[in-house]
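The structure is shown first.

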Amino acid sequence: MKLASAFLGLLGLALVLHWPPLAQAATDVRLASAEVSLTGPWQFSFGNDPQWAMPQFDDRSWERIDLTPLAGAHDGDVGLSNYVPGWTAHGHAGRWGHAWYRMRLHWSVPEGAQPVLIGPTLVDDAYEIFWNGKKIGGVGDFSADPPRAFSTHPVLYKLPESASSGDAVVAIHVYLQQSNVSASEAGGVHVAPILAESNAGHARLLTQWWQTFWGYVVEVIEPVFLVGLALYALSLRSISLPDRFWTRVALALISIALLRFNQAVSAWTEIESLKTYDVVRSVVLGPLTLGTWVIAWNSWVSPPDRRIDRFAMALAVLAAIAALVGQHVEIVRVASRLALLALFVWVAWHIVRHGRGRTFALITMLTTGVAMFAEEINTIGVPGIWFPFGVGVSRSQYALSVAIPLLAVLFHFRATRRLAERRI
């Protein structure tokens, strides 16, 4: 018995010596975050003072604002993620002009890594960003008065840091144009900037650019087809009887193609400021598109009603002048567009009474009307943008995707009929 007890004791001692103890301390494993969204809270104030960029400025009396988005939140245009409403939705309706955001932070990255800052991907309407009092970039020209604003696009800023950790004050100076103050969620930063390690930052920048690209790529694809249709229409003039429809519809197609394509140019580049974009859209291409399409569809019936042509041109010019003058005569611009819509409906009735192939022509005409009169359709509460696969697609884009093949078929039928009449 004693021998058995001794044997069991030696076996237990061996197990204790050779088996890892259950109470051994766990290995310390730390995973550093590759990127952090700077959602705040931020100190916020209206006004403009260059001293507000300095790290020593005391901002404790400022308002606090949080840029943390709701789960799944995105903007109402192209579907940019992590969207938050602007200051208009936070008790500052009607406020426009200059404002500042400030945040104090202690940052760190893995040893040997380089920190970078990804700018906010959506700001109303211009911004410049400072790191410890030094301007590192922005989107917009603050040397002008008022500042020139451009569509916000993804930008990565290199920081003047060589250490792996430190303290910083990030300050963002923003400017909202008075023309945009009426939007229900306008004002300031809508997507928080991101502090990241260099490799992660470049990967995030690429993701943001892809999101911006897909949001506007349709505005390039559809204009290509529209211009192709215009060339097709012009080519049909030589094989059919003299027909003004071809020249007029070609001009209408080119007008709407330029109108749509200009949105991609504004979103992807800084070729034109937001003010220039508004002039091109509201003063030039918008009224031109409405007028030329009314005239084109009026030419579907032979002979066209010349009075409609004259009224359409006069109303398009009036709408352009009203848009150029500005908000003081906004009612004139709205009334001019409504009158053009009434002319469009009158032309449709004219086709019903006298046009050939009226059913197919009216269906095609309806799709072009939905694409052109988006502003008027919005007033009756019809949604303007849908988000299939997380990317915003506008009602006008859907309408044009249907109108393009319908127009191609319509042109073929008209040319075939005209050719037959010519042979007779």
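## Overall dimensions

The protein has a radius of gyration of 31 Å, whereas a compact globule of 424 residues would have one near 22 Å. The radius is taken over C-alpha atoms, and the globule rule is 2.2 Å times the number of residues to the power 0.38. Along the principal axes, the C-alpha atoms fill a box of roughly 125 × 65 × 35 Å.

This is a predicted model: local features need pLDDT of at least 70 and side-chain atom pairs pLDDT 80 or more, while totals for chains, interfaces and linings use all residues. Residues are numbered from 1 along each chain as its sequence is written, and side-chain values use heavy atoms, without hydrogens and water.

## Surface and contacts

Of the 424 residues, 47% are buried (under 20% relative accessible area, 1.4 Å probe, protein chains only). The protein exposes about 22,100 Å², of which carbon and sulfur atoms supply 64% (Shrake-Rupley method, 1.4 Å probe).

Among contacts (heavy atoms within 4.5 Å) between residues at least 6 apart in sequence, 77% join residues at least 24 apart.

## Secondary structure and sheet

There are ten helices and 14 strands; these are DSSP runs numbered from the N terminus, with helices (H or I) of at least four residues and strands (E) of at least two.

Six strands form an open antiparallel sheet in the order E3-E2-E4-E10-E7-E8, where pairing requires at least two DSSP bridges between two strands. Strand E3 (63-65) and strand E8 (134-139) are the edges, each pairing on one side only. Strand E2 (residues 42-46) pairs with E3 in the antiparallel sense over three bridges; glutamine 43 has arginine 64 in E3 as its bridge partner.

Definitions and conventions. Buried means under 20% relative accessible area, exposed over 50%, partly exposed in between (1.4 Å probe, protein chains only).
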